[in-house]
Amino acid sequence: MSGFYNIHSCCDGLVLLGINYPRDYILWLWNPSTRESIVLPQENFIQDHLYGLGYDSTTDDYKVLKVPLGDDDAPNEIFALKSGYWRELESGCCSFSEGMNCLAFVQGAFHWISSYSTWTWVDGNMHILLVVKSFDISNEVYLDLPIPKVSRFGMTGLGVTELGGMLNIRCVYNRYGTTSFDLWVMKEYGVEASWTELFCIGDTTVPSIIPILPKYMFADGELLLSCKEGTVFRTSKGPHGISALVWPLVGDDSDENTFLLMDGLAYTESLISPVVNH
């Protein structure tokens with residue numbers, strides 16, 4: 001089974017899964033606690049999209065957003081659980097970052113990294129402007145949020161996720177053969193000055209643990225990180241931001257559970273049903 005499914009998103013005990021079949025890519029909404037599930041209607045799903053699941057408090061409905069990777073001509077699409085159908089949005093904004101594995105849902109909006117081509121009169125050259133694109137799930141409005149003032153030199157990976165109800169950005173760099181990892185958090189939503197660097201990892205041991213994916217923030221601010229090194233979960237407090245504490249869930253590179261552990265998300269049990277009678 002390894003390599004044939006993706007855990008895209010979790011929200012209020014509902015899990016959005018993507019399953020690869022020989023000819024189709026199936027989206028499956030599942031509640032592991034009640035074991036209820038539905039297969040979302042087929043709308044030309046492919047794996048090269050980012051998917052996110054969120055709750056719309058204004059309509060008391062769960063919605064799924066589909067964003068293409070690197071295709072400006074492909075529209076974004078949204079699915080509402082109550083209506084049971086997909087529809088295209090008026091304007092599409094693709095994702096720039098292939099390092100992301102799902103859309104981040106924060107403050108009632110989906111988030112991803114997007115880019116613009118900009119011309120500057122200062123040097124007469126075309127530049128790429130990176131922003132965090134947000135899509136409000138209720139009023140369906142796109143907004144741009146600034147990224148932290150990080151260096152672009154040697155950047156090989158950039159992605160956004162949610163931690164403790166806050167938006168965060170992870171950056172991976174490869175400079176002169178040395179790999180480093182930075183993690184930033186936006187402590188006050190929408191305020192550029194509130195971007196704060198949580199920690200930076202940069203030494204010769206990093207290539208053995210990257211990619212590093214933040215998974216969960218505990219009440220004391222400590223983070224649970226998923227690392228490549230044998231696919232382990234480690235906590236964030238310690239030298240260089242990685243502690244010696246290894247979470248009990250450990251997989252081997254050859255183990256069938258490896259893919260699941262790297263793709264796992266924090267989950268809260270609930271009795272919410274994904275099944276709606278239309």
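**Notebook: strands and aromatic rings**

I took strands as DSSP runs of E with at least two residues, and helices as runs of H or I with at least four residues, both numbered from the N terminus. Two strands pair if DSSP finds at least two bridges between them.

I noted that this is a predicted model, in which local features need pLDDT of at least 70 and side-chain atom pairs count only at pLDDT 80 or more, while totals for chains, interfaces and linings use all residues. Residues are numbered from 1 along each chain as its sequence is written, and side-chain values use heavy atoms, with hydrogens and water left out.

**Entry 1: the chain**

I recorded 1 helix and 20 strands. Of the 278 residues, 46% are buried; buried means under 20% relative accessible area, exposed over 50%, and partly exposed in between (1.4 Å probe, protein chains only).

**Entry 2: strand 1 and its sheet**

I looked up how strand 1 joins strand 2 (residues 14–20): 6 bridges link them, and they run antiparallel. The two strands form a hairpin with 2 residues between them, and Asp12 in the turn has a positive phi of about 55°.

I then traced an open sheet of 4 strands in the order 1-2-3-4, with antiparallel pairing. Strand 1 and strand 4 (36–39) stand at the edges with a single partner strand each, so one side of each is left without a neighbour in the sheet.

Is strand 1 buried or exposed? I found 6 of the 7 residues of strand 1 (residues 5–11) buried, so the strand is largely enclosed by the rest of the structure.

**Entry 3: aromatic pairs**

I counted 8 aromatic pairs. Rings of Phe, Tyr and Trp (its six-membered ring) pair if their centres lie within 6.5 Å; planes under 30 degrees apart count as stacked, over 60 as edge-to-face and the rest as tilted.

Phe181 and Phe199 form a tilted pair, at 6.4 Å centre to centre and 40° between the planes. Phe181 lies in strand 15 (residues 178–186) and Phe199 in strand 16 (residues 195–202), so the pair ties together parts that are 18 residues apart in sequence. Phe181 is buried at 0% relative accessibility, and Phe199 is buried at 12%.

Tyr216 and Phe218 form an edge-to-face pair, with 5.1 Å between centres and 85° between planes. Tyr216 is partly exposed at 41%, as is Phe218 at 27%.

I also noted a cluster in which ring pairs link Trp112, Phe135 and Tyr142.
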